Amino acid sequence: MPNSKRSKRTATPPMPARLAALENRVAALEKELAVLRPRPKEPPAPPKRTGPRCPGCSLPVDGVVHGTCPWCGFVFNTVPMARRRKL
């Protein structure tokens, strides 16, 4: 069978040589990726506390401690006042 497809193929290099070539290609791609990868960002600063909020709608209610929320009408006297923690 001299006309078969196998006889027309080129000889493949031995397995250790193929593995070494593949490892070299992977190492080169990893170096390129390290250059293209964005640097890790700094974590965002924690949000600052803005003061008391309405438990019903989360609207900031700085001066309104007693009474009702101007937005949702939540009655503040129904829940106990939050105590400020001393750090």
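**Close-up views of a predicted model**

View 1. Phe76 is buried, its relative accessible area being 6%. In this predicted model, a search of the whole structure returns one aromatic pair. The ring centres of Phe74 and Phe76 lie 6.3 Å apart with their planes at 55°, so the pair is classed as tilted. Phe74, with a relative accessible area of 23%, is partly exposed.

View 2. The structure contains zero disulfides. For Cys57, the closest cysteine sulfur is that of Cys69, at 3.7 Å, which is too far for a bond. The distance is to be read against the cut-off, because a disulfide requires cysteine sulfur atoms within 2.5 Å. Cys57 is itself partly exposed, at 28% relative accessibility.

View 3. Cys72 is located in the segment after α2. No disulfide includes Cys72, and the nearest cysteine sulfur, belonging to Cys54, is 3.7 Å away. Along the chain, Cys72 and Cys54 are 18 residues apart, and their C-alpha atoms are separated by 8.7 Å. When residues up to four places away in sequence are not counted, Cys72 touches Cys54, Gly56 and Cys57. The relative accessible area of Cys72 is 39%, and the residue is therefore partly exposed.

View 4. Met15 belongs to helix α2, which covers residues 15–36.

**View 5. The whole chain, as context for the close-ups.** The secondary structure of the protein consists of two helices and zero strands. Among contacts between residues at least 6 apart in sequence, 2% join residues at least 24 apart.

Methods: Residues numbered from 1 in each chain as written. Predicted model: local features only at pLDDT ≥ 70, side-chain atom pairs only at ≥ 80, totals over all residues. Heavy atoms only, no water. Helix = DSSP H or I, 4+ residues; strand = E, 2+ residues; numbered from the N terminus. Buried < 20%, exposed > 50% of the residue type's maximum accessible area, 1.4 Å probe, protein only. Contact = heavy atoms within 4.5 Å. Phe/Tyr/Trp six-rings, centres within 6.5 Å; stacked < 30°, edge-to-face > 60°.
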